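User: I am new to this structure. Please take me through some of its features in short questions and answers.

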Amino acid sequence: MPMPHRPSPNPVTAALRGARRHFVLAAVFSGFVNLLYLVPSIFMLQVYDRVVPTRGAATLLFLILILALSLIVLSVLDVARMRLLLRASVRLEKRAAAPILHRILGAGSASPGDRAAAIRNFDVLRGVLTGPAILALFDAPWAPIYIAVCFLLHPWLGAFALFASVLLAAVALLSEQMTKRAAAETQMRSAVQGRMQDYAVQAAEVGRVLGMRDTIVRLQLNDRADLVARQGQLAETSGAFLAVTKFLRQLFQSLALALGAWLAINQSISMGAIFAASLLVGRALAPVEQILGSWKNVLSARAAYAGLSAFLRLPDDTAPRTALPRSRGAVTVAGVSVRAPGSERLLLDDVGFSVSPGEIVALIGPSGAGKSTLLRVIAGAIAPDRGEVRIDGTSLADWDREALGASVGYTPQTPTLFPATVSANISRFAAARGGDAPADLDAMVVDAAMRAGAHETIQRFAQGYDTMLTIREAGGLSAGQRQLVSLSRALFGNPSLLLLDEPNAHLDVNGEAALMKTMATLRAQGVAIVVSTHRPSLLQVADRMLLVRDGTVTPIDPAEMKPPARSSGAVAATGGQGAGA
């Protein structure tokens, strides 16, 4: 068994630590901002206690200038801390987005749902850095300063501000406890509903043809009703706590004014202190209300960080590996077992065999026997639960996957093409590498298409190799056309190992004959080929056959399976081109 790789550092945590300077400066600016928020209260004290009794117009003008200058500085600092947080968000994007996307596209042990949720969680976390929640968190530590100033005005005012703050904080904590579980469940249900909706859209054609539309709509409506009910309950609970918080803050601010008036009547404080106390108590309670108002975002950010951290703790298939020579294509499968996701049922059970360069091994067996799963394990698309795959004697886990991928050709059972040109799909986006792109890229693309028997078919496309495939299902191509483009991509760059999953499922007779000819040529060139098929025609070029049944592999005699050779006259007459429509 290979030694497990040491987990890579969490790029999100590393990026947040790298932005520590931005957060520190934002906190410092928040301190000055909150200190400057005291200026209106001091201005009011001076007006009532100094200007009005003395009728000092010059003093009033001087105080107004100080107030205006202070508010200008406050506004500048407020904008500055927002820019700092924005830069922290951009820094997080620059430093963490690339490794997360690499991990999403390269994590063989993650489920499709985990990979889909990872980037959404990252966007949620990044968005919180520029939202009101983080500003409330920066302002909250300064609430004690306002309470202390209230104590300076009068102990009763300070005690009242402290009591109000503690009560509102208790309401905020109670709200968190009451909504924590419901928020997590609602977020999970929302993600599931989104995936189900996407799948229903993709399967709309099948549902419409088979008369399932009304049923699918009804199921979707039931799921949506459940989600809306959960969201409504969560919003109702959160809204109730927010309403209570607003009520208490307004009540306490007014009571602070009343308390100040009572103290002034008893000549314990000045008239100006009445209004200053109201402002100070309101400012002390404002962060608590802001936090409660944005508590949903805080919970979402916390859940997003937890989910993202769990995803990033999965084995990192994208971590840099020691550079190895180009693969020769020798494959060794040793004791590989794969369980069905979320089950103990084995899709593959202790499978072992080897493939040598220049050898064609055919996987045959009934549907659901494990042929596609086995090819995906060899390709590194999924990780086995037990056992390992070795390429040229080196464990698949120790290969640099980008370097190995350049010498591997792979066609999945359902051809997957990207929304780009046909040429870009075949070339594996080699042009996007910039200076590393081959100088004869176009010639390599055409050569791969010709060897796949796809050249004439592609020439009949609207713009030939420059035809843009769409995001919609099938990319605008027929099943046979997609299979030919996928096969051309597998042959691009002269791979030393070719893994073909039902490569002739949608090909016509001529296309199948061209594929067989290409496989025989590649074998002569020393390419190792593993192919799964239900059609016996491909078995004519196979050197060995493995029967896959119930997750186990049994060698069989090729002579027992090969059909009589067909006449090649008809194939020669057509030039070996074609694809099923």
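**Rings, patch and sheet**

Analyst: Phe160 is buried, at a relative accessible area of 16%; buried means under 20%, exposed over 50%, and partly exposed in between, with a 1.4 Å probe and protein chains only. This is a predicted model, where local features need pLDDT of at least 70, side-chain atom pairs count only at pLDDT 80 or more, and totals for chains, interfaces and linings use all residues. Residues are numbered from 1 along each chain as its sequence is written, and side-chain values use heavy atoms, with hydrogens and water left out.

User: How many aromatic pairs does a search of the whole structure find?

Analyst: Rings of Phe, Tyr and Trp (its six-membered ring) pair if their centres lie within 6.5 Å; planes under 30 degrees apart are stacked, over 60 edge-to-face, the rest tilted. By that rule, the search of the whole structure gives a total of 3 aromatic pairs.

User: Which residue forms an aromatic pair with Phe160?

Analyst: The two ring centres are 5.8 Å apart, with 85° between the planes, so the pair is edge-to-face. The pair links helix H8 (residues 155-202) to helix H10 (residues 213-265), across 92 residues. Helices (H or I, at least four residues) and strands (E, at least two) are DSSP runs, numbered from the N terminus. The partner in H10 is Phe252.

User: Is Phe252 buried or exposed?

Analyst: The relative accessible area of Phe252 is 5%. Buried means under 20%, so Phe252 is buried.

User: Why is the pair of Phe163 and Phe252 edge-to-face?

Analyst: Phe163 is in helix H8 and Phe252 in helix H10, 89 residues apart. Their ring centres are 6.2 Å apart. The pair is edge-to-face because the planes stand at 75°.

User: Which helix gives the largest share of the nonpolar patch?

Analyst: Val24, Val28, Phe32, Leu35 and Ile145 form this surface patch, with about 400 Å² of accessible area together. Patch residues have over 30% relative accessible area and no salt bridge; like charges are joined within 9 Å, nonpolar side chains (Val, Leu, Ile, Met, Phe, Trp, Tyr) within 5 Å. A salt bridge is a side-chain nitrogen of Lys or Arg within 4 Å of a carboxyl oxygen of Asp or Glu. The largest share, 4 residues, comes from helix H2.

User: Which strands stand at the edges of the sheet?

Analyst: The open sheet has 6 strands in the order E6-E7-E8-E3-E9-E10, with mixed pairing. Two strands pair if DSSP finds at least two bridges between them. Each edge strand has a single partner, so one side is left without a neighbour in the sheet. The edge strands are E6 (408-411) and E10 (552-556).

Conventions. Areas by Shrake-Rupley, 256 points an atom, 1.4 Å probe, with all protein chains shown as cover.
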